[in-house]
Amino acid sequence: METRRLQMLAELARRGSMRAVAEATGTTTSTVSQQVAALAQDMGTALIEPHGRKVRLTPAGRRLAEHAVTILAAVEAAQRDLSPDAPPTGTVRVAGFATAIRAQLLPIISGLSTSHPELSILVREHEPAEALHLLANDEADLALTYDYNLAPAEPDPAVTITPLWTAPWGLGIPDHVARPSAPGAPEVFRWFRTADWIGNSRNTGDETVIRTLASMAGFTPHLTHQADNLNLVQGMIAAGMGVGLLPMGTATLPGVHLMPLTAPDVVLRAFAVARRGRDSWPPLALLTDLIIRQSAQGV
């Protein structure tokens, strides 16, 4: 069984069409079709079936695609293990959100230039979905991502996920408006049911949290403005444009008051994510370990 055929099947399961697989692997749809057909012959069972003008995996094809992820990861891990004691050298490409880059990655990079001069870190600032897309396309080696306890990310068997840190979030409101005295996130949200709500322009997790808590409070939020930069979110709140989620403990701008959210709490969870089989690569393993240590010191 050729690993290239398994790779084609795994990509077909993830991307949904042979054309998308061909574009991702730099080949042709005919080649993809031939490789999948050869794999079906090897396995002695049909792996795809017609579905309109396209094809879809059969139950056997889906099952083999699941095995393919594990097999390909094991092959890549074995290749990495050929030189397990090699010093970390090369370039590690990191895609992640700004807070993690600023708090965990930047303090590490200056030290690495001295301790491991042959190791370089390439940094790209991205929200989780963008970073994971780069990771899946092998355009990044490590993704620094986050989700919320009320908006958990979908699990992906093709990656390994290392928890880094958590941080409570609250609701930013204009400082001059009346505030609820009753505790609890639903009660706080209900108080601002007629307000405009500010969401994240590059990540849907914030909106999911807002809609979830608003549903618990018995209303549908009026989501209007969107901003990715937290300072801009604060500026909008101070200008009276609406209310929005902000991390607790953050320094607030004049005109902004931060209310805690409890029962249920709103918690951001940060992660380091790598492709299975790639996580044991010495430069990546070193960087991940350093990030974990830095995270233990707090955001």
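This is a predicted model: local features need pLDDT of at least 70, side-chain atom pairs count only at pLDDT 80 or more; totals for chains, interfaces and linings use all residues.
User: What makes Glu11 and Arg15 a salt bridge?

Analyst: Their side chains meet at 2.6 Å, N to O. The cut-off is within 4 Å, so the pair qualifies.

User: Where do Glu11 and Arg15 sit relative to each other?

Analyst: Both are in helix 1 (residues 3–15), four residues apart. That separates Glu11 and Arg15 by about one helical turn.

User: Why is Glu11 called buried?

Analyst: Glu11 has 15% relative accessibility. Arg15 has a relative accessible area of 27%. That value lies between the 20% and 50% limits, so Arg15 is partly exposed.

User: How do you know that Glu2 and Arg5 form a salt bridge?

Analyst: The N to O value for Glu2 and Arg5 is 3.7 Å. The limit is within 4 Å, so this pair counts.

User: Which labels do Glu2 and Arg5 get, buried or partly exposed?

Analyst: Arg5 is at 17%, so the under 20% rule makes Arg5 buried. Glu2 is at 41%, so Glu2 is partly exposed.

User: What makes Glu207 and Arg211 a salt bridge?

Analyst: Their side chains meet at 3.0 Å, N to O. Glu207 and Arg211 lie four residues apart in helix 8 (residues 205–217). Glu207 is partly exposed at 28%, and Arg211 is partly exposed at 38%.

User: How many salt bridges does the rule give?

Analyst: The count comes to 18. Arg93, Asp138, Asp141, Arg275 and Arg278 are linked in a network of salt bridges.

Terms used
Residues are numbered from 1 along each chain as its sequence is written. Side-chain values use heavy atoms; hydrogens and water are left out. Buried means under 20% relative accessible area, exposed over 50%, partly exposed in between (1.4 Å probe, protein chains only). Helices (H or I, at least four residues) and strands (E, at least two) are DSSP runs, numbered from the N terminus.
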